[in-house]
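Trainee: I would like to go through this structure with you, chain by chain and then residue by residue. Could we begin with the surface?

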Amino acid sequence: MIVAGRSDGEGVRLVLETEEAMLLSELADQVDSVLLLGEVDDPALGRLLPNAYPEDHAASQEFERYTRDSLVDGKRQAAQRVRDATASHEGEGVVQIELDESEAWGWLTFLTDLRLILAERVGVIEEGDTESDETRDDYLRAAYEWAGFVQGSMLEVLDPISS
Amino acid sequence: MTSTLEELDLDTTTRVAAEVPWQTVVWDDPVNLMTYVSYVFRSYFGFARDEAERLMLCVHTEGRAIVATGNREAMERHVQAMHGYGLQATVSRAEP
């Protein structure tokens with residue numbers, strides 16, 4: 001994974017190994033599925049769509065009614081764009097992706113949503129039967145760290161001084 | 001154009017407290033990178049770098065920060081935007 005500036009100065013350029021692109025595509029598809037299936041008792045969904053009024057049930061429901069569809073649509077679109085940009089590059093060696101600032105925002109928000117879901121999933125696994133899920137837990141942790149690395153690297157390019 | 005300007009005026013934080021009793025609160029979340037939170041504050045609210053960093057550190061160290069004050073509709077728009085960015089945000093009444 002290489003994250004660099006673009007020659008015209010705006011946005012960011014990503015160079016991914018084929019395996020990294022495949023992994024990202026798969027993770028993006030999973031984020032899209034979590035949002036699509038939207039099971040009410042899924043705690044990960046609660047991280048993506050937080051309660052705006054924790055102390056006012058009626059206001060909370062009202063807010064959810066007016067905002068949920070548009071938030072879900074925006075997050076699904078971001079995930080789908082990442083999935084499509086990283087899909088089907090088999091046998092090409094590396095995958096090069098150029099993003100302008102607006103497209104880069106889609107990636108940044110997707111990576112945030114992905115990390116929120118992974119953090120929730122690892123937490124859930126820790127409470128349960130850890131023995132049988134160790135491999136999956138390691139995989140989720142690695143994906144979580146890697147997504148953070150990608151996001152951090154993108155921010156270093158997009159917002160150089162604060163990094 | 002006129003209606004947009006009027007709407008912006010309602011969003012300003014300079015009005016007296018009695019008229020702007022609502023707040024947008026952003027809560028700490030160990031998942032989000034500090035650089036990301038700061039970048040969101042600057043990009044969305046248009047804060048200067050110093051102000052965005054101060055609010056981001058306030059979230060990080062105090063557990064929460066009030067990032068906007070104004071009428072309820074405006075605060076709900078901000079909270080919806082924060083949720084879009086993946087930040088944990090709530091609407092609350094300003095303390096008297």
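Mentor: A definition comes first: accessible areas here come from the Shrake-Rupley method with a 1.4 Å probe. Please also keep in mind that this is a predicted model. On that basis, chain A exposes about 8,600 Å², and carbon and sulfur atoms supply 47% of this area.

Trainee: And what does the accessible surface of chain B come to?

Mentor: For chain B the value is about 5,100 Å², with 55% belonging to carbon and sulfur atoms.

Trainee: How many helices and strands are there in chain A?

Mentor: Chain A has 5 helices and 3 strands. Their order from the N terminus is β-β-α-α-α-β-α-α.

Trainee: What about chain B, in what order do its elements run?

Mentor: In chain B the order from the N terminus is α-β-α-α-β-α-β, which amounts to 4 helices and 3 strands.

Trainee: How much of each chain is buried?

Mentor: Of the 163 residues in chain A, 47% count as buried. Chain B has 96 residues, and buried ones make up 42% of them.

Trainee: Which residues have the most contacts inside the largest nonpolar core?

Mentor: That core has 72 residues, and those with the most contacts inside it are A:Leu14, A:Phe110, A:Met154, B:Phe41, B:Met82 and B:Leu87. Helix H4 of chain A supplies the largest share of this core, with 11 residues. As a general point, nonpolar side chains in soluble globular proteins tend to be buried together.

Trainee: Take B:Met82, then. What is B:Met82 in contact with, leaving aside its neighbours within four places in sequence?

Mentor: B:Met82 is in contact with B:Val26, B:Val40, B:Phe41, B:Tyr44, B:Phe45, B:Leu87 and B:Ala89.

Trainee: Several aromatics there. How many aromatic pairs does the count come to over all chains?

Mentor: The count comes to 8 aromatic pairs. One of them is A:Trp105 with B:Tyr85: their ring centres are 5.2 Å apart and their planes stand at 65 degrees, so the pair is edge-to-face, the cut-off for that class being over 60 degrees.

Trainee: Why does that pair join two chains?

Mentor: A:Trp105 lies in helix H4 (residues 101–127) of chain A, while B:Tyr85 lies in helix H4 (residues 72–85) of chain B, so the pair joins two chains.

Trainee: Are those two residues buried or exposed?

Mentor: A:Trp105 counts as buried because its relative accessibility is 16%, under the 20% limit. B:Tyr85 is also buried, with a relative accessible area of 16%.

Trainee: Which residues form an aromatic cluster with A:Trp105?

Mentor: One aromatic cluster consists of A:Trp105, B:Tyr36, B:Tyr39, B:Phe41, B:Tyr44, B:Phe45, B:Phe47 and B:Tyr85.

Trainee: Now a lysine. Is A:Lys75 buried or exposed?

Mentor: A:Lys75 counts as buried because its relative accessibility is 4%. This residue is found in helix H3 (residues 57–86) of chain A.

Trainee: What does A:Lys75 touch, beyond residues up to four places away in sequence?

Mentor: In chain A, the residues touched by A:Lys75 are A:Leu35, A:Leu48, A:Leu49 and A:Asp113. In chain B, A:Lys75 touches B:His83, B:Gly84 and B:Gly86.

Trainee: And A:Arg13, where is that found?

Mentor: A:Arg13 is found in strand S2 (residues 12–17) of chain A, and is partly exposed, with a relative accessible area of 26%. Its side chain is joined to that of A:Gln96 by a polar contact of 3.1 Å.

Trainee: Last one: where is B:Gly63 found?

Mentor: B:Gly63 is found in the loop between helix H3 (49–62) and strand S2 (64–70) of chain B. At 22% relative accessibility, B:Gly63 counts as partly exposed. Its contacts, leaving aside neighbours within four places in sequence, are B:Val26, B:Trp27, B:Asp28 and B:Cys58.

How values were computed. Residues numbered from 1 in each chain as written. Chains lettered and ligands numbered in written order. Predicted model: local features only at pLDDT ≥ 70, side-chain atom pairs only at ≥ 80, totals over all residues. Heavy atoms only, no water. Buried < 20%, exposed > 50% of the residue type's maximum accessible area, 1.4 Å probe, protein only. Contact = heavy atoms within 4.5 Å. Phe/Tyr/Trp six-rings, centres within 6.5 Å; stacked < 30°, edge-to-face > 60°. Polar contact = N/O pair within 3.5 Å; in protein donor to acceptor, adjacent residues only side chain to side chain. Core = buried A, V, L, I, M, F, W, Y, C linked by side-chain atoms within 4.5 Å.
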